[in-house]
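Subject: Structure for you to look at

Hi,

Here is the structure I promised to pass on. Please open it first, then read my notes below.

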Amino acid sequence: MNPLLSVIMPVYNCKEYIEESIKSICTQTYQNWELIIINIKSADNIDEEIKKVHDERIQYHSSTECNTLFSALKYGLQQAHGDFITFHDPDDISSPTRFDEQINYLKSHEDLGMVSCLIRCFTSEP
């Protein structure tokens, strides 16, 4: 069995991006993950968008105690069960092989404790 990957995603007022962001996690080639979403008191009805994506691996927490990014990250780490931890911002879209590539790299380089990835920025503006 592949090791469990915990994906921690704090969210705050990003309703227009969240569904696509979550779907980019759900369509990963690496499938043994849990997604821990922590709502930081969003005022944009983000709950509706998050609930559009149905996957039993998604845990949604709307905590009144998490009112900063730091407190949400800390809370997410406390909820995580994974052998590996990663973070995913709610306006990010991960390439479908991101988790496979990162975990395989870590497993083949046991002297490393973490990896990162490149980003590609895009916009819908002309």
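A residue counts as buried when its relative accessible area is under 20%. Keep in mind that this is a predicted model.

Start with Tyr-30. It sits in the loop between helix 1 (15-26) and strand 2 (33-39). Is Tyr-30 buried or exposed? Its relative accessible area is 3%, so Tyr-30 is buried. Which residues does Tyr-30 contact, leaving aside neighbours within four places in sequence? They are Asn-2, Pro-3, Leu-4, Leu-5, Phe-99, Asp-100 and Ile-103. Take Leu-4: it is 26 residues from Tyr-30 along the chain, and their C-alpha atoms are 9.8 Å apart.

Next, the salt bridges. The count is four. Among them is Lys-15 with Glu-48, at 3.9 Å from N to O. Lys-15 is in helix 1 and Glu-48 is in helix 2 (residues 46-50), so this pair ties together parts 33 residues apart in sequence. Both are partly exposed: Lys-15 at 27%, Glu-48 at 47%.

Another bridge joins Lys-23 and Glu-19, at 3.1 Å. These two are four residues apart in helix 1, so about one helical turn separates them.

Lys-52 and Glu-49 also form a bridge, at 3.1 Å. Lys-52 is partly exposed, at 46%, but Glu-49 is buried, at 12%.

Last, the surface. Glu-16, Asp-89, Asp-91 and Asp-92 form a negative patch. Asp-92 lies in the loop between strand 4 (84-87) and helix 4 (98-108). Its relative accessible area is 31%, so Asp-92 is partly exposed.

Best wishes

How values were computed
Residues numbered from 1 in each chain as written. Predicted model: local features only at pLDDT ≥ 70, side-chain atom pairs only at ≥ 80, totals over all residues. Heavy atoms only, no water. Patch = residues over 30% accessible without salt bridge, like charges linked within 9 Å, V, L, I, M, F, W, Y side chains within 5 Å. Areas by Shrake-Rupley, 256 points an atom, 1.4 Å probe, with all protein chains shown as cover. Salt bridge = Lys/Arg side-chain N within 4 Å of Asp/Glu carboxyl O. Lys, Arg positive; Asp, Glu negative; His and termini not counted. Charge placed at Lys NZ, Arg CZ, Asp CG, Glu CD. Buried < 20%, exposed > 50% of the residue type's maximum accessible area, 1.4 Å probe, protein only. Contact = heavy atoms within 4.5 Å.
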